[in-house]
Amino acid sequence: MSDYRIWPLNTGTIIVDKGGYITRGQGLGIEVEIPATAWYLSDGQHKVLVDTGMCHTDLAHWHHGGSQQGPDQAVHKCLARLGVDPADIELIIFTHLHWDHCHNLDQFPRARMVVSQTELAFALEPIPPYYKSYEYSALGKRAPFLNRNFEQINGEVDVLPGLTIFPTPGHSPGHQSVAVSTSGGVHVITGDAVFAYVNLQPAGPHLPFNIMGRFADIVASWHSLEEITRRADVVLPGHDMAVFDSPVYPRQGA
Ligand SMILES: [Zn+2]
């Protein structure tokens with residue numbers, strides 16, 4: 001039985017419209033700050049990342065005005081504070097390839113990089129409303145995932161003992177989440193299949209979830225919320241400051 005510990009890494013702050021992103025239609029016109037979270041995992045033997053977080057401030061500001069990455073927030077600097085050499089990261093699992101989840105890949109020369117085949121295909125040729133999310137070349141950008149030697153997967157995969165990748169499409173076509181075995185039960189790192197804890201709260205008598213505002217497919221997003229709550233003892237969402245209330249998971253005393 002593998003026993004991982006999980007550290008949330010705050011790679012920067014994004015400004016978004018609450019009703020457009022966090023809670024569908026609730027809070028339209030209200031700007032909120034959210035973290036771009038990446039995750040470092042280790043069982044004492046393997047050193048793993050889930051996502052690598054966002055880019056420097058200039059590019060972040062192009063995406064969402066006012067967003068910023070502080071001088072010590074890039075993913076490799078977050079790792080250095082934990083005493084982890086980026087060159088020792090052996091595996092990076094990408095939940096998806098939106099701009100705020102996959103920057104700074106040059107920092108990880110030895111890592112296997114795992115993404116879903118569906119996500120990579122869409123990221124390379126997105127429909128125009130998603131050009132910006134994937135920094136598509138038509139906009140004069142160069143996406144960080146171009147010309148990388150990804151391992152592409154389909155469906156559920158046990159990538160290491162204690163680490164299971166499973167599909168959670170909806171936010172993006174090939175989105176996936178990671179179920180992590182810990183001494184405190186199964187922790188699911190959701191990426192953007194759950195933006196914030198509020199998404200897991202009921203929105204009404206027949207609405208067990210308060211669905212996110214940002215999705216490519218609302219039906220798939222809903223089913224992914226169901227799948228995550230079915231598997232998880234603890235849910236770790238992609239854009240909620242509350243995950244930093246604990247420096248490491250499982251929470252102390254849990
Ligand atoms: Zn996203």
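## Salt bridges

Aspartate 88 and arginine 110 join their side chains in a salt bridge, 3.8 Å from N to O. A salt bridge here is a side-chain nitrogen of Lys or Arg within 4 Å of a carboxyl oxygen of Asp or Glu. Aspartate 88 sits in the loop between α3 (75-81) and β4, and arginine 110 in the loop between β4 and β5, so the pair ties together parts 22 residues apart in sequence. Helices are DSSP runs of H or I with at least four residues, strands are runs of E with at least two, and both are numbered from the N terminus. Aspartate 88 is partly exposed, at 34% relative accessible area. Arginine 110 counts as exposed, at 56%. The cut-offs are under 20% relative accessible area for buried, over 50% for exposed, and partly exposed in between, with a 1.4 Å probe and protein chains only.

This is a predicted model, in which local features need pLDDT of at least 70 and side-chain atom pairs count only at pLDDT 80 or more, while totals for chains, interfaces and linings use all residues. Residues are numbered from 1 along each chain as its sequence is written, and side-chain values use heavy atoms, with hydrogens and water left out.

The salt bridge count comes to 6. One of them joins glutamate 156 to arginine 231, with the closest N and O atoms 2.7 Å apart. Glutamate 156 lies in the loop between β6 (150-153) and β7 (157-160), while arginine 231 lies in helix α5, so this pair ties together parts 75 residues apart in sequence. Glutamate 156 is partly exposed, with a relative accessible area of 46%.

Arginine 230 meets glutamate 227 at 2.9 Å, N to O. Both lie in helix α5, 3 residues apart, about one turn of the helix. Arginine 230 counts as exposed, at 60% relative accessibility. Salt bridges link Glu156, Glu227, Arg230 and Arg231 in a network.

## The zinc site

Four residues coordinate the zinc ion: His96 (NE2), His98 (ND1), His171 (NE2) and Asp192 (OD), at 2.1 to 2.3 Å. Donors are N, O and S atoms within 2.8 Å of the metal (3.2 Å for Na, K and Ca); water is not among the atoms, so sites may look incomplete. The 4 donor atoms subtend angles of 88 to 176° around the zinc ion, which makes the arrangement irregular. Four donors count as tetrahedral if all angles lie between 85 and 135 degrees; four count as square planar and six as octahedral if opposite donors are over 155 degrees apart and all others between 65 and 115; anything else is irregular.

Along the sequence, the donor residues follow the spacing H-x1-H-x72-H-x20-D. Histidine 96 lies in the loop between β4 (91-93) and β5 (112-116), and aspartate 192 in the loop between β10 (185-189) and α5 (218-231), so the pair ties together parts 96 residues apart in sequence. Histidine 96 is buried, at 0% relative accessibility. Aspartate 192 is buried too, with a relative accessible area of 2%.

## The largest pocket

The largest pocket holds about 230 Å³ of space. Its lining has 16 residues, and the closest to the centre are Tyr21, His64, Trp99, Ser133 and Arg214. A pocket is found on a 1 Å grid over the protein atoms alone: an open set of points where a 1.4 Å probe fits, with protein on both sides within 12 Å along at least five of seven lines; lining residues have an atom within 4 Å of a point. Grid points are joined across faces, edges and corners, and the volume is the space filled by probe spheres set on them.

The lining divides into 6 nonpolar, 6 polar and 4 charged residues. Ala, Val, Leu, Ile, Met, Phe, Trp, Tyr, Cys and Pro count as nonpolar, Asp, Glu, Lys and Arg as charged, and the others, Gly among them, as polar.

## Backbone exceptions

Most residues other than glycine have a negative phi, and most peptide bonds are trans. Aspartate 51 has a positive phi, near 70°. This residue lies in the loop between β3 (47-50) and α2 (57-63) and is buried, with a relative accessible area of 1%. Asparagine 147 also has a positive phi, near 55°. Its place is the loop between α4 (117-124) and β6, and it is exposed, at 72%.

The peptide bond from tyrosine 249 to proline 250 is cis, with omega near 0°. Proline 250 lies in the segment after β11 (234-236).
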